[in-house]
Amino acid sequence: MATNASRPLEGRHILLGITGSIAAYKAAMLCRLLKREGAEVQVVMTALAKQFITPLTMATLSRRPILVEFFDPENGQWNSHVSLGEWADLMLIAPATANTLAKMTAGVADNLLLTTYLSARCPVMVAPAMDLDMYAHYTTQRNLKELKEHGVGIIEPGSGELASGLEGKGRMAEPDEIVEQLKAHFAEKKKPLTGKHFVVTAGPTIEPIDPVRFISNHSSGKMGYAIAETLADKGARVTLVSGRTALPTPAGVERVDVLTAEEMYRATVAAFEEADGAVMCAAVADYTPAEVATEKLKKSDADLQIPLKRTRDIAAELGRTKGQKILVGFAMETQNEAANATQKLTKKNFDFIVLNSLREAGAGFRGDTNRVTLIDSTSQEELPLLTKREVAERIAQKIEQLLH
Ligand code: PMT
């Protein structure tokens, strides 16, 4: 649908689910604000929610009859959860109780709100509301984590005075904050990589020799983190598989910390299964000690030889299984740069490869700049010295071109 950029909720169909929490009183203001933004609101309540806020209030504010039961006992009219799910551009459950969150996670379908959730094809967001101990309970946190992993947007509750009289986290977010998040959600839709999921590897791997020593390299993670941040800013879901770095996680990025090449292999291959593509920026060890000593190796006067074995090549494995997915590689070279990079492009089945050379000033490890050449099967584009964020932008643009 055509939308007004300054009013992203204009004409949107919002299914507002209300569950049995004292915070249900805020649903009245929420509904009002949504209507004021031009949204169509259809309210679905649980039976318990009716004890906290009346159907009459919600029907008046939404200007639609509210729905609670599977059918109207008076005339047998069926309330189709499938049609509701199809009608909605977004389902928002606010307040969402611990009970409803648990049922959503488990796939329980014992009321109209839950059956609608199970059949909704649209994005779903929840605004939890409960007492602080219920919110902190491991089951609630586990349920929220699981819902998030399955794409449900979580609108974090705030901290403050709770209905129980206790102070802490669990208060449903204020209606105006919720509306802002919905607006941001629909504005996001216009971002070019919305709906895409990318895996980015970054940083060094660390290959232990003994409990004290290891083999590693100079990667700081800056280049990979800049790519993760740029892809997320463009609306992509990003899983950042990161070796040890000192960098903060970019906003909106899911980070998986790993240490060794083997750990990076497992995390990246698993994340790639569900992804639309990957950018392989990590500096992965090609060799790792054949045995890791359990105790610190004792120094002696003789020289020491440490047998090394090959690590698994993550990029090559993704290249083998990628199908139509996009795979971008990096090549860190010190000689015969273009020839070596082109060889890796073919061997690992990359869509394109980003060549950086240690012979170029301002390029490669640790600094905030890089000088790269983007190489694909038909062309080479040499970029000037840029910040790593600018390089990331150019890589993201090339990915966008490939996607379209
Ligand atoms: O982290 P910074 O300090 O910002 O530095 C950035 C960087 C120099 C690390 C980065 O720009 C870079 O060049 N990363 C790739 C370094 C590298 O290992 O290149 P390679 O030519 O050895 O590997 C080729 C490709 O295969 C790379 O995409 C690499 O991630 C991947 N690979 C390599 C070995 C392996 N076992 N698994 C892999 O996936």
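Me: Is K148 buried, partly exposed or exposed?
Reply: Buried means under 20% relative accessible area, exposed over 50%, and partly exposed in between (1.4 Å probe, protein chains only). K148 has a relative accessibility of 59%. K148 therefore counts as exposed.

Me: What should I know about the model before going on?
Reply: This is a predicted model, in which local features need pLDDT of at least 70 and side-chain atom pairs count only at pLDDT 80 or more, while totals for chains, interfaces and linings use all residues. Residues are numbered from 1 along each chain as its sequence is written, and side-chain values use heavy atoms, with hydrogens and water left out.

Me: In which helix does K148 lie?
Reply: Helices (H or I, at least four residues) and strands (E, at least two) are DSSP runs, numbered from the N terminus. K148 falls within residues 138-149, which form helix 8.

Me: How far apart in space are K148 and M125?
Reply: In sequence, K148 and M125 are 23 residues apart. From C-alpha to C-alpha, the distance between K148 and M125 is 9.4 Å.

Me: Which residue forms a salt bridge with K145?
Reply: A salt bridge is a side-chain nitrogen of Lys or Arg within 4 Å of a carboxyl oxygen of Asp or Glu. For K145, the closest N and O atoms of the pair are 3.2 Å apart. The partner is E149.

Me: Which parts of the chain does the salt bridge between K234 and E393 tie together?
Reply: The closest N and O atoms of K234 and E393 are 3.0 Å apart. K234 is buried at 13% relative accessible area, whereas E393 is partly exposed at 26%. The pair ties together parts that are 159 residues apart in sequence, because K234 lies in the loop between helix 10 and strand 11 and E393 in helix 14.

Me: How many salt bridges does the structure hold?
Reply: One of them joins E360 to R371, with the closest N and O atoms 3.6 Å apart. K26, R171 and E174 are linked in a network of salt bridges. The structure holds 27.

Me: Which residue of strand 13 is the bridge partner of V199?
Reply: Strand 8 (residues 197-202) and strand 13 (residues 277-280) run parallel and are joined by four bridges. In strand 13, the bridge partner of V199 is A278.

Me: Which residues of helix 5 are buried?
Reply: Helix 5 covers residues 98-106. Its buried residues are covered by elements including strand 3 (90-96), helix 6 (112-119) and helix 8. The buried residues are A98, T100, L101, K103 and M104.

Definitions and conventions:
Two strands pair if DSSP finds at least two bridges between them. Contact means heavy atoms within 4.5 Å.
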